[in-house]
Amino acid sequence: MIDWSQKRVLVTGHTGFKGAWLSEMLLARGVVPAGLALAPDGQPALFDGLQLASRMDHAVLDIRDGAAVTRRVRAIRPDIVFHLAAQPLVRQSYRQPVATWATNVMGTACLLEALTGLDTPVAVVVVTTDKVYAERDCPHGYRETDRLGGHDPYAASKAAVELLVDSWRLSFAGSGLRIATARAGNVIGGGDRARDRILADLAAAFSGDRALRLRNPGATRPWQHVLDPLAGYLALSERLSVSDDPCWQQAWNFGPDPSGIRAVRDLATEAQRHWPGTIIESPPTDAPHEAARLSLCIDKARSLLGWQPQWPFARAVAETVSWYRDVAGGACAATLTRAQIARHAGAGAA
């Protein structure tokens, strides 16, 4: 729909798991993206394995530093922005609630203020989470119009980001910003080294001949390969880039087909088919609250954006586990990542 090679693109949080995958996808489309983020956290970092520091316009800064963010935005003058910089972990948000709120809410405000100062249209995709919804029994999956909420500091901070974006649209109409929010499910994929990520923990355990311990085996989540929601973000950004119609400046769910809504133990068991090892269910007695069930309704993105998930549950798990297993065996992370991007793009074109 657009000539990506002619677009100036900014990715915040490009040193993180999803940000690194997205940056590599943009490079494949002929874009040399700019980034702003903290230094990579977790080793070995996918960002380093892809050598992105030398392949894109890379800058290390804190999204909460409004002056630094403004200088960076003015230097880039982006046409399209993907805002992924965040504190993304539920359990860490219990340990660091103030930092979580500051990063997720005030960091977003700093970015939007900087972008509002530009004099050209900017398409902005602000990434939040499927956890922004108020917890309730929901047979159809959460829809974009359902009530926002958040039990834990992470979920609540992301729900607050949704309110912030709505307020920004109303308060600064006419500024040239075209802002949408993207609520993705639980993503899996190679290179995620964050704490408390099941398949990353499985890879670390099985590569060291240790057992994987599941702390919440019965919890149900909408599992999807990272490439599926990222393809959704790209499709949404294209619509925002070519049209100022308010119909695109809304919240959008990007989740799996119903077959991907599975319990944690199902995910671990499916992964075990590709990398045999020992799994132990050992829920802690003092664990902080986490939602028992999450699922998303993706009808809106299907019907209006023409987006749909490409890799079903079994394929998403197989691609993820093979990435970790092969890297543990000495394979090149960059080669594996680029091959998966090509296969996924081919599936979408088929």
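This report covers helix packing, aromatic pairs and selected loop residues in a predicted model.

Residues are numbered from 1 along each chain as its sequence is written, and side-chain values use heavy atoms, with hydrogens and water left out. Local features need pLDDT of at least 70 and side-chain atom pairs count only at pLDDT 80 or more, while totals for chains, interfaces and linings use all residues.

## Helix packing

Two packed helices are described by the angle between their axes and the distance between the axes. Helices (H or I, at least four residues) and strands (E, at least two) are DSSP runs, numbered from the N terminus. Axes are lines fitted to C-alpha atoms, for helices over the stretch in contact; angles run from 0 to 180 degrees between N-to-C directions.

| Helix pair | Axis distance | Crossing angle |
|---|---|---|
| α7 and α9 | within 11 Å | roughly 40° |
| α9 and α11 | within 9 Å | roughly 60° |
| α3 and α5 | 9 Å | about 40° |

Start with α7 (residues 198–207) and α9 (residues 264–272), whose axes cross at roughly 40°. That angle makes α7 oblique to α9. Angles under 35 degrees count as roughly parallel, over 145 as roughly antiparallel, 65 to 115 as roughly perpendicular and the rest as oblique. The crossing of α7 and α9 is right-handed. A crossing is right-handed if the near helix is turned clockwise from the far one by less than a right angle, and left-handed if anticlockwise.

Which residues of α7 and α9 meet? Ile198, Leu199 and Leu202 come from α7; Val264, Leu267, Ala268 and Ala271 come from α9. Contact means heavy atoms within 4.5 Å. The residues of this contact divide into seven nonpolar, no polar and no charged. Here Ala, Val, Leu, Ile, Met, Phe, Trp, Tyr, Cys and Pro count as nonpolar, Asp, Glu, Lys and Arg as charged, and the others, Gly among them, as polar.

Helix α9 also packs on α11, and the axes of α9 and α11 cross at roughly 60°. α9 and α11 are therefore oblique to each other. The crossing is right-handed. Asp266, Leu267, Glu270 and Ala271 of α9 make the contact with Phe313, Ala314, Val317 and Val321 of α11. The residues of this contact divide into six nonpolar, no polar and two charged.

The axes of α3 and α5 (residues 97–116) lie 9 Å apart. These helices, α3 and α5, are therefore oblique to each other. α3 passes α5 in a right-handed crossing. Gly66, Val69, Thr70 and Val73 of α3 touch Cys110, Leu111, Ala114 and Leu115 of α5. The residues of the contact of α3 with α5 divide into six nonpolar, two polar and no charged.

## Aromatic pairs

A pair of aromatic rings is described by the distance of the centres and the angle of the planes. Rings of Phe, Tyr and Trp (its six-membered ring) pair if their centres lie within 6.5 Å; planes under 30 degrees apart count as stacked, over 60 as edge-to-face and the rest as tilted. By this rule the count comes to seven aromatic pairs. The ring centres of Trp168 and Phe172 are 4.8 Å apart and the planes stand at 40°, so the pair is tilted. Trp168 counts as buried at 12% relative accessibility. Phe172 counts as partly exposed at 37%. Buried means under 20% relative accessible area, exposed over 50%, partly exposed in between (1.4 Å probe, protein chains only).

Trp248 and Trp252 form a stacked pair, 6.1 Å centre to centre with 20° between the planes. Trp248 and Trp252 are buried. Ring pairs also link Tyr233, Phe254 and Trp307 into a cluster.

## Loop residues

Is Trp311 buried or exposed? Trp311 counts as buried, at 5% relative accessibility. Trp311 lies in the loop between α10 (299–305) and α11 (313–328). Not counting residues up to four places away in sequence, its contacts include His225, Asp228, Glu319 and Arg343.

Asp146 sits in the loop between β4 (122–127) and α6 (153–171). Asp146 counts as buried, at 15% relative accessibility.

Gln51 has a phi near 55°, a positive value in a residue other than glycine. Gln51 is found in the loop between α2 (46–49) and α3 (66–76), and counts as exposed at 53% relative accessibility. Arg77 has a positive phi too, near 50°. Arg77 is placed in the loop between α3 and β3 (80–83). Arg77 is partly exposed, with a relative accessible area of 32%.
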